[in-house]
Amino acid sequence: MSLETEQSPEVLIDSNSEGTGRIEAFTDGVLAIAITLLILEVKVPHLEAEGKGGLWESLFKLWPSYGGYFTSFLVIGIIWINHHQLFKLIRRTTHSFLSLNVLFLMVVSFLPFPTAVLAEYIREGKEQQIAAIFYTGSMLAMAIVYNILWRYASGNYRLLYPTVPQAVVRDISKKYNAGLGFYLVAFAVSFISYEASLALTVLLALYFLLPGLPTFRRRVKGQG
């Protein structure tokens, strides 16, 4: 291989050549598996092992598993929504972007594990705080990688359609910056109060559930 070839710019793959289509399909598959794994951590109670109280009481005791399932399902679902909407703005990809997307999926597919840890130890005295730190730390890692993914794609319109208004890029960046900041706060608070940090995590999920990118999509379409 010649020196000129080795130093050539990174090859850009146009969306018409299935570049982004394959990323979306692969991402959808990984997210679908990750979100399905969450319910597997909600175990069926066994009355003989639980002792007296009956099935209703045993089902009620699973509230940490229900809460972890609800929050993480919401987070991964919102990740899918935002990822899907962003690819309406992205027209091409690069090897670096593919690698960042794989890193992002690695973090997201890890989320069922800290969710299970949180559900298991949320009632275990001092272990509650450690479980919350582990859980919110995993959420923070997800937010960091997702922001890097967006920053790489949007920086200098590297991978975006040229018709995307600058106001759209700024709005998305501001929203993701705010989310990253709040995840950082939730992680920091988990060292003080696990209840407050988990409440912040739920509020963050609801915050990102609010409509935003569909409006951006309409604005972009109007520019096309």
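**Exercise 1. Helix H8 against helix H9**

Task: In this predicted model, find how the axes of helix H8 and helix H9 cross, and classify the pair.

Solution. 
Step 1. Locate the helices. H8 covers residues 127-154 and H9 covers residues 166-189.
Step 2. Take the geometry. The two axes come within 9 Å and cross at roughly 160°.
Step 3. Apply the cut-off. Angles over 145 degrees count as roughly antiparallel. H8 is therefore roughly antiparallel to H9.
Step 4. H8 and H9 make a left-handed crossing.
Step 5. Sort the contact by class. The contact of H8 with H9 has 16 nonpolar residues, 6 polar and 1 charged.

**Exercise 2. Helix H5 against helix H6**

Task: Describe the packing of H5 and H6 by angle and distance.

Solution. 
Step 1. Packed helices are described by the angle between their axes and the distance between the axes.
Step 2. H5 and H6, the latter at residues 95-110, pack at about 160° with axes 12 Å apart.
Step 3. Classify. H5 and H6 are therefore roughly antiparallel to each other.
Step 4. The crossing of H5 past H6 is left-handed.

**Exercise 3. The cavities**

Task: Find how many cavities of 30 Å³ or more the structure holds, and describe the lining of the largest cavity and of the second largest cavity.

Solution. 
Step 1. Count. There are 2 cavities of 30 Å³ or more.
Step 2. Size the largest cavity. Its volume is about 180 Å³.
Step 3. List its centre. The lining of the largest cavity has 14 residues, and Ile79, Met142, Tyr146, Tyr183 and Phe208 lie nearest the centre.
Step 4. H5, H8, H9 and H10 each give two or more residues to the lining of the largest cavity.
Step 5. Sort by class. The lining of the largest cavity has 11 nonpolar and 3 polar residues, with no charged ones.
Step 6. Turn to the second largest cavity. Its space is about 30 Å³.
Step 7. Name its lining. His83, Leu86, Phe87, Ile90, Phe97, Leu149, Trp150 and Ala153 line the second largest cavity.
Step 8. H5 and H8 give two or more residues to the lining of the second largest cavity.
Step 9. The lining of the second largest cavity has 7 nonpolar residues, 1 polar and no charged.

**Exercise 4. The second largest pocket**

Task: Identify which helix gives the largest share of the lining of the second largest pocket, and sort that lining by class.

Solution. 
Step 1. Size the space. The second largest pocket holds about 210 Å³.
Step 2. Name the lining. It includes Trp63, Pro64, Gly67, Gly68 and Thr71, along with Leu118, Ile122 and Tyr135. Tyr194, Leu198, Thr201 and Val202 also line the second largest pocket.
Step 3. H5 (63-86) and H10 (194-209) each supply at least two lining residues. H5 gives the largest share, 5 residues.
Step 4. Sort. The lining of the second largest pocket divides into 8 nonpolar and 4 polar residues, with no charged.

**Exercise 5. Burial**

Task: Find what percentage of the protein chain is buried, and how many residues of H7 are buried.

Solution. 
Step 1. Take the chain. It has 224 residues, and 42% of them are buried. Its secondary structure comes to 11 helices and 2 strands.
Step 2. Take H7, residues 112-121. This helix is mostly covered, with 7 of its 10 residues buried.
Step 3. Name them. Pro112, Pro114, Thr115, Ala116, Val117, Leu118 and Ala119 are the buried residues of H7.
Step 4. Link back. Leu118 also lines the second largest pocket.

Note on methods:
Residues numbered from 1 in each chain as written. Predicted model: local features only at pLDDT ≥ 70, side-chain atom pairs only at ≥ 80, totals over all residues. Heavy atoms only, no water. 1 Å grid on protein atoms, 1.4 Å probe; cavity = no way out; pocket = protein on both sides within 12 Å on 5 of 7 lines; lining within 4 Å. Points joined across faces, edges and corners; volume = space filled by probe spheres on them. Helix = DSSP H or I, 4+ residues; strand = E, 2+ residues; numbered from the N terminus. Nonpolar A, V, L, I, M, F, W, Y, C, P; charged D, E, K, R; others polar. Axes fitted to C-alpha atoms, helices over the stretch in contact; angles between N-to-C directions. Parallel < 35°, antiparallel > 145°, perpendicular 65-115°, else oblique. Left-handed = near helix turned anticlockwise from the far one by under 90°. Buried < 20%, exposed > 50% of the residue type's maximum accessible area, 1.4 Å probe, protein only.
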